[in-house]
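Here is a short briefing on two elements of this structure.

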Amino acid sequence: MCLAIPGKVKKKRKEDAWIDFGGGVVKKVKISLTPQVKRGDYVVVHAGYVIQKMEKEEARETIELFNNLKLNEKKYR
Amino acid sequence: MKRNIDKFREKSFSQQVLQKIDELQSGKEIKIMHVCGTHEVTIAKWGLREILPKNIKLICGPGCPVCVTSAQEIDSAVKLSLTNNNILTTFGDILRVPGTSISLAEAASQGANIKVIYCIDEAVSLAKKNPKKQVIHFAIGFETTAPTTAVEILNNSNLDNFSIIPSHRLIPSAMAGLLKSGQCQIDGFICPGHVSTIIGSQPYEFLARDFSRALVIGGFEPNDILLSILMILRQLRKKKTSVEIEYTRLVKPAGNPLAIKKMWQVFEPCHIGWRGIGIIPHSGLKLRLKFKKFDAIKKFNLKIKRAFDVRPGCKCGEIMKGLAEPKDCPYFKKQCKPEFPLGACIVSIEGPCFVAYKYGSI
Amino acid sequence: MVQFNSKSLFIPPLSVNQANKKPELISISHGSGGGMMENLIEQVIVESLSLKKSKGGRGVDKLEDAGIIDLGDIQLALTTDGCTVDPPFYPGGDIGELSVGATINDLAMTGAEPLAITLSYVIEEGTPVEFVRQVSKSVGRISKQTGVPVIAGDTKVMEKGKIDKIAINTAGVGIVRQLILDYGARPGDLILVSGTMGDHGLALLAKRFGFKTKLKSDTYPLWGMVKNLLKIGGIQAMKDPTRGGFAANINELARKSEVCFYVDESKIPLKKEARALGEVLGIDPLQTASEGKIIMAVSPDKARKILAAMRRHPYGREAAIIGRVKKSPKQRVVLETSVGGKRILEAPIGELYPRIC
């Protein structure tokens, strides 16, 4: 539930921002819940609103998480 | 915009995680529930149940807001949409879900004035452009959507021809309700990624502390789900339950404090019925007294006396609680199909019955 | 302990029979090319007709892209289409070229060379004359490009508000060069597509909901390319994935041929713009219409030649082999996902809207 799509802030006004979702898709959305976002930020959009700023290095973060789980094979056997 | 999303779907990474999952589990049955329709779509779409060890059961919980919106609320929306001078706005997701007898789509065929929107500000614009009409927005959704409704109410407090049917619901309360009922044996939860973007990890902590359940906030790519399962198994193995965030690229422990603040400025918790399940305490959102003028039910003095949530024999409720699967329902794929729905679960694109129908494994 | 009070608020429901007793009305989903439309056509419309074909020919009960009239030495294909696309002018096309293209393509999908088409307008009172001129110029352009003349027509005007701007009906007749039916796919055939899926439907949805995109509709008339392919031979079944998209139309081929279409999902060509739009709108590009593409089942010995011939043509540059026809599971379409899982691909049900859930 809650489809939220990542994109990059192309342009910002007081209440709105234009988000580039990649593949040439751009839409004007509202930033009332995240007024601090800036041009160039990666964000996530739900139902026409930016709901959160995203970390830039998305893939790297999660893969680091996996590597940091410190899974010791011997310990868990 | 460059994205690394393909890494989260990479087969080689999946294989690594699956191997670790295999090493970590002891053969005992582990039940993991997710509470997010989009998670169910990911699981079914990528065939994840087929590639996990057989003793790890991924259960679908009541994470589809469309499925759990009660027939009474849909009947209210239908009634308001059929009234002259009203325009009902709704997200497309709930259009074909039947209330007691008809859905909003069928109401449209009968002449109801219904507009499908993508963002609630379209409803507000509609109200401003049509001052002589009453615009009512069917406000469904969980904590991801509720702040957007709150913001429009706060920013348009003088708008007299705009109101909502308040139908937002709260996920952590639903999870607690399921556990407290004693009906569901769940070892761990994959918590919804986007609800958690708003609420953060704190609202789930009592579930780890008081109920000793493993909780991981997971993302929406197949490798996010696999990684979340691995983290849950690790907690269970260590016998140390907590709330962990797998979806670190988006979810922060504090969530989005501004969104949370706006939501609680406008709404307060209430008891609400989840379709087919029953009333779960403190799991709904009602408008605070100050904003009561935006409550369409009160404004138009709507009294829906009897609302029929489920047909006799329909298993939507048990399915939403994780106690049954779509294939256990006598109507599934027979009298109940997406084009002739008897229940809500087969209409919503994220409903467990629809997902089973669409992505049905062979 | 908190109890579920599931008895009090949710009163024992109506019986199933009672609940289903409601007058049936046509909803917008009946026109969307999915399951609801199929049911309407089969169980209401065709069911009401007693004469469904001409002697020796193939008729409306077969639900093919065109009906066939058998004249002994030759066979004629006859087809018709209604076009109500909104907006009438959209990125990559307009209602004029779409209506003519649809009829030319229906004939092409049956293996028939289009000979002539008819053109019927129903126009809303108050529509600018220039609008009608622009639409007609588009019709003229496609007619010239394909060499298919418009030999008859009709024009009606309805009162303002009784119809939305314009509805166009086209009918077309063609001469069958090589009869290709939906029923012809056999186990062992390779499954090919002529290019990217879902462009038209997604481009229009984007426009409607305010999303800027470079994605354009793929409104193309296909006889020119199909003519070359028929010379090579080997096409057992073919369909253009219009209403209901790839999912609806490949299912129709599987159902009618009584075989399994087994597809490698990662091989289905999708424009990156379509993929992005699909993610943002929450709509599957495999369920939205393409207006100038083909799905086909081809004998394995001819598949590579067909593929090469498509790729040489401007409308087939992104053609690909995407799977293989198998014996079972019968009448199903199976997708193998990129993480190794498998799923059944079902046809969409009704109208598609952007999701928020």
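This is a predicted model: local features need pLDDT of at least 70, side-chain atom pairs count only at pLDDT 80 or more; totals for chains, interfaces and linings use all residues.

Strand 3 of chain B is the second topic; six of its six residues are buried.

**Helix 9 of chain C**
- Helix 9 spans residues 303–312 of chain C, and its buried residues are A303(C), I306(C), L307(C), A309(C) and M310(C).
- These residues lie on the same side of helix 9 of chain C, because they cover an arc of only 165° around the axis.
- Turned away from that buried side is a face with the exposed residues R304(C), K305(C) and R312(C).

**Strand 3 of chain B: burial**
- Strand 3 covers residues 86–91 of chain B; six of six are buried, so the rest of the structure largely encloses it.
- In a regular strand, side chains alternate between the two faces of the sheet.
- One side of strand 3 of chain B carries N86(B), L88(B) and T90(B), and the other carries I87(B), T89(B) and F91(B); all are buried, so both faces are covered.

**Strand 3 of chain B: pairing**
- Strand 5 (residues 134–141) of chain B pairs with strand 3 of chain B in the parallel sense, over four bridges.
- In this pairing, I87(B) is opposite V135(B) of strand 5 of chain B.
- Strand 4 (residues 114–117) of chain B also runs parallel to strand 3 of chain B, joined by four bridges.
- Here F91(B) is opposite I117(B) of strand 4 of chain B.
- Strand 3, helix 6 (residues 104–109) and strand 4 of chain B form a right-handed β-α-β unit.

Conventions: Residues are numbered from 1 along each chain as its sequence is written. Chains are lettered from A and ligands numbered from 1 in the order in which they are written. Side-chain values use heavy atoms; hydrogens and water are left out. Buried means under 20% relative accessible area, exposed over 50%, partly exposed in between (1.4 Å probe, protein chains only). Helices (H or I, at least four residues) and strands (E, at least two) are DSSP runs, numbered from the N terminus. The arc is that of the directions from the helix axis to the C-beta atoms. Two strands pair if DSSP finds at least two bridges between them. A crossover is right-handed if, with the strands pointing away from the viewer, the path from the first strand over the helix to the second runs clockwise.
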